[in-house]
Amino acid sequence: MLNGENMNEYNKDKWGLTVRGIIKNNDDEILLLKRHHKSRNDPEKWEFPGGKVDKGEYFEAALIREFKEETNLDINVKELYDAVENEFISCKDGNIVKTVQIIMKVNIKSGELKLSHEHEDYRWLKIDEIKGLYNENLLSSTVEKVLKKQEFNI
């Protein structure tokens, strides 16, 4: 057990947990969402749907919740695709926050796609189209890391 003095040293870096979902349609296209132009992190970049895991929340429940909030879609979580580390500047205090990003493969259970205020657009894209966004630096840093690590094999 860490005592108070050691706990301060232990919490020197801030860490968060984020979940993202990869979903394909019947045409083998992958859903990407375009972040709002006023977003503090990766504005106008394309990303997989998902978001932060709340304290005490299971990451599967967080992914289902975030998907519903961002896309209005109800999903089933199928399997782990990958996990990467990322960092960003906190909008609350300006400090660097490191995150573990868990990326899961999911499928649609029900619903009609409708975007939240967090995003400006969505697209169903083939992998070659996603590679084009990658080459143009239009993907979020998390999507870039995942796709490069997986050699664009989704």
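**Strand pairing and salt bridges**

Tutor: In this predicted model, Asn76 has Asn107 of S6 as its bridge partner.

Student: What makes S5 and S6 count as paired strands?

Tutor: Pairing requires at least two bridges between two strands. S5 and strand S6 (residues 96–110) are joined by 14 bridges, so by that rule they pair. The two strands run antiparallel.

Student: In what order do the strands of the open sheet stand?

Tutor: The sheet has four strands in the order S4-S1-S6-S5, and the pairing is mixed. On average, neighbouring strands are turned by 20° against each other, with direction ignored.

Student: Why are S4 and S5 said to stand at the edges?

Tutor: Strand S4 (50–52) and strand S5 (74–89) each have a single partner strand, so one side of each has no neighbour in the sheet.

Student: Which helices are placed against these strands?

Tutor: H2 lies across S1, S4, S5 and S6, at about 65° to S1. Helix H4 (residues 141–149) packs on the sheet and touches S5 and S6; its direction makes about 110° with that of S5.

Student: Why is the contact of Glu47 with Arg20 called a salt bridge?

Tutor: The cut-off is 4 Å between a side-chain nitrogen of Lys or Arg and a carboxyl oxygen of Asp or Glu. For Glu47 and Arg20 the closest N and O atoms are 3.5 Å apart, which is within 4 Å, so the pair qualifies. Glu47 is in strand S3 (residues 46–47) and Arg20 in strand S1 (residues 14–23); the pair links distant parts of the chain, 27 residues apart. Both residues are buried.

Student: How many salt bridges does this rule give?

Tutor: The count comes to nine.

Student: What makes the Arg65 pairs with Glu66 and Glu69 qualify?

Tutor: The closest N and O atoms of Arg65 and Glu66 are 3.1 Å apart, and the N to O distance for Glu69 and Arg65 is 3.3 Å. Each value is within 4 Å, so both pairs are salt bridges. Glu69 and Arg65 lie in helix H2 (residues 59–71), four residues apart, about one turn of the helix. Salt bridges with shared partners join Asp54, Glu57, Arg65, Glu66 and Glu69 into one network.

Student: How do you know whether Glu66, Arg65 and Glu69 are buried or partly exposed?

Tutor: Buried means under 20% relative accessible area, and exposed means over 50%. Glu66 has 8%, so Glu66 is buried.

Notes
Residues numbered from 1 in each chain as written. Predicted model: local features only at pLDDT ≥ 70, side-chain atom pairs only at ≥ 80, totals over all residues. Heavy atoms only, no water. Buried < 20%, exposed > 50% of the residue type's maximum accessible area, 1.4 Å probe, protein only. Axes fitted to C-alpha atoms, helices over the stretch in contact; angles between N-to-C directions. Contact = heavy atoms within 4.5 Å.
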